[in-house]
Amino acid sequence: MAECVECGADVALHDDLEIGEIVDCTTCGAELEVVDVNPPVLEKAPELEEDWGE
Amino acid sequence: MNVGILYSRIRKDEKLLLAELRERGHEVTKIDVRKVQFGLTEPPEIFDDVDIVLDRCLATSRSKYATQYVAAYGIPVINSPETAEVCADKAKNSLALAQAGVPTPATDVAFTKESAMESIEKFGYPCVLKPVVGSWGRLMAKLDSRDAAEAILEHKATLGHYEHKVFYIQEFVDKPGRDIRVLATDGEPVAAMVRSSDHWLTNAAKGATTEAFELDDEALELVKKASDAVGGGLLGIDLMETGDGYTVHEVNHTVEFKALTDATDVDVPAKVVDWLESKVKVEVPA
Ligand SMILES: [Zn+2]
């Protein structure tokens, strides 16, 4: 569990959490970035870039 | 081996790779490109122990520059900056395919609304207008009439980023509602699937349905040629059936394989890691 930085709700996290992964807060819908795993720390995810990907 | 992964987001694809690498006892150095400063001569410290670097940046600008610097430091990087450069740009991609004799849709590049309009009228309706950069089928337009073409060219010229002022105009391939995506390592197919949709865009990201696809000899040969045309590497090659063969639309260099893993019974991450292991043996003499 970690706390959503947007709404403060508990966010359920899976076991194989990776730094750099994006998780959604099921309460407020915010996109959160995993910045640490032990213990889990979440930050608000940066906005999508314009020139993304494949 | 120690595999450096360049990333700014860990998606399902990267998680699958990380799990496979760690399961085999390889070390992984995760390199968040947002936190790294790339100097001209000395690699940043985080690269100290890596044997090979795998670029998993989603942003093509990051991908293009980071791989150039890593290669300049003498560290093997997948994909090479040369491959990234060609694949990140649809115009360069098309040119490379055509020069290699790979069948690819007729394509014009034009720099003004007026000359773009001439290409569009030449191809006839429908035809397709795409940005030279970008992904997931975004900002692609199927032009069904002269009115639509004029409106879109006007919007692009007025609102677009400078890269949207390169007009990339392509004939519309009347495919049978599906296209083929092949994941290949140096031209060797790992897995292939068809993406089907009623929509003219059949990207998995646009909600197309997927299933495994068996490549015939002609497709196998085209995959190899297309891969060679852009300099090889870990690539996603997009083919369409034309009725009497195939046409290769593009080759993608930061390829997503999650959908392939779901659509086929191939263990894609295992195959990719097999290949990475073979690359390190080749590129880093003991
Ligand atoms: Zn929340």
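# Close-up views of a predicted two-chain model

**View 1. A zinc ion is coordinated by A:Cys4, A:Cys7, A:Cys25 and A:Cys28, each through its SG atom, at 2.3 Å.** The site belongs to a predicted model. Along the sequence, the donor residues follow the spacing C-x2-C-x17-C-x2-C. A:Cys4 sits in the loop between strand 1 (2-3) and strand 2 (10-11) of chain A, while A:Cys25 sits in the loop between strand 3 (22-24) and strand 4 of chain A; the two are 21 residues apart, so the pair links distant parts of the chain. Both A:Cys4 and A:Cys25 are buried. Which arrangement do the 4 donor atoms around the zinc ion form? The arrangement is tetrahedral, because the angles subtended by the 4 donor atoms run from 108 to 110°. For four tetrahedral donors the ideal angle at a metal is 109.5 degrees.

**View 2. Chain A has 5 strands and 0 helices.** From the N terminus, its elements are ordered β-β-β-β-β. Of its 54 residues, 39% count as buried. A cis peptide bond, with omega about 0°, joins A:Asn38 to A:Pro39. A:Pro39 is placed in the loop between strand 4 and strand 5 (40-44) of chain A.

**View 3. A salt bridge joins the side chains of B:Arg9 and A:Glu31, at 4.0 Å from N to O.** This pair crosses between chains: B:Arg9 lies in the loop between strand 1 (2-7) and helix 1 (12-23) of chain B, and A:Glu31 lies in strand 4 (residues 31-37) of chain A. Is B:Arg9 buried or exposed? B:Arg9 has a relative accessible area of 9%, under the 20% limit, and therefore counts as buried. A:Glu31, with a relative accessible area of 36%, is partly exposed. Side chains of opposite charge can pair when their charged atoms come close. Over all chains, the count comes to 25 salt bridges.

**View 4. B:Asp274 and B:Arg24 meet through their side chains in a salt bridge of 2.7 Å, N to O.** The two residues are 250 residues apart and link distant parts of the chain, with B:Asp274 in helix 9 (residues 268-283) of chain B and B:Arg24 in the loop between helix 1 and strand 2 (27-32) of chain B. B:Asp274 is partly exposed, at 40% relative accessibility. B:Arg24 is partly exposed as well, at 29% relative accessibility. The side chain of B:Arg24 also meets that of B:Glu277 in a salt bridge, at 3.2 Å from N to O. B:Glu277 is in helix 9 of chain B, 253 residues apart from B:Arg24, and this pair too links distant parts of the chain. Elsewhere, salt bridges with shared partners join A:Glu33, B:Asp32, B:Arg34 and B:Lys35 into one network.

**View 5. Helix 5 (residues 113-123) and helix 6 (residues 146-159) of chain B have axes that come within 10 Å and cross at roughly 150°.** Two packed helices are described by the angle between their axes and the distance between the axes. How are helix 5 and helix 6 of chain B oriented to each other, roughly parallel or roughly antiparallel? Angles over 145 degrees count as roughly antiparallel, and helix 5 and helix 6 of chain B are therefore roughly antiparallel. The crossing of helix 5 of chain B past helix 6 of chain B is right-handed.

**View 6. Two loops of chain B hold local backbone features, one of them a cis peptide bond between B:Ile78 and B:Asn79.** For this bond omega is about -5°. B:Asn79 is located in the loop between strand 4 (77-78) and helix 3 (81-87) of chain B. At B:Asp186, a residue other than glycine, phi is positive, near 50°. B:Asp186 falls in the loop between strand 9 (178-185) and strand 10 (188-196) of chain B. With a relative accessible area of 30%, B:Asp186 is partly exposed.

**View 7. B:Asp238 lies in strand 12 (residues 234-241) of chain B.** The residue is buried, its relative accessible area being 9%. B:Thr254 is 16 residues apart from B:Asp238 along the chain, and 13 Å separates the C-alpha atoms of the two.

Technical notes
Residues numbered from 1 in each chain as written. Chains lettered and ligands numbered in written order. Predicted model: local features only at pLDDT ≥ 70, side-chain atom pairs only at ≥ 80, totals over all residues. Heavy atoms only, no water. Helix = DSSP H or I, 4+ residues; strand = E, 2+ residues; numbered from the N terminus. Buried < 20%, exposed > 50% of the residue type's maximum accessible area, 1.4 Å probe, protein only. Donors = N, O, S within 2.8 Å, 3.2 Å for Na, K, Ca; no water. Tetrahedral: all angles 85-135°; square planar, octahedral: opposite > 155°, others 65-115°. Axes fitted to C-alpha atoms, helices over the stretch in contact; angles between N-to-C directions. Parallel < 35°, antiparallel > 145°, perpendicular 65-115°, else oblique. Left-handed = near helix turned anticlockwise from the far one by under 90°.
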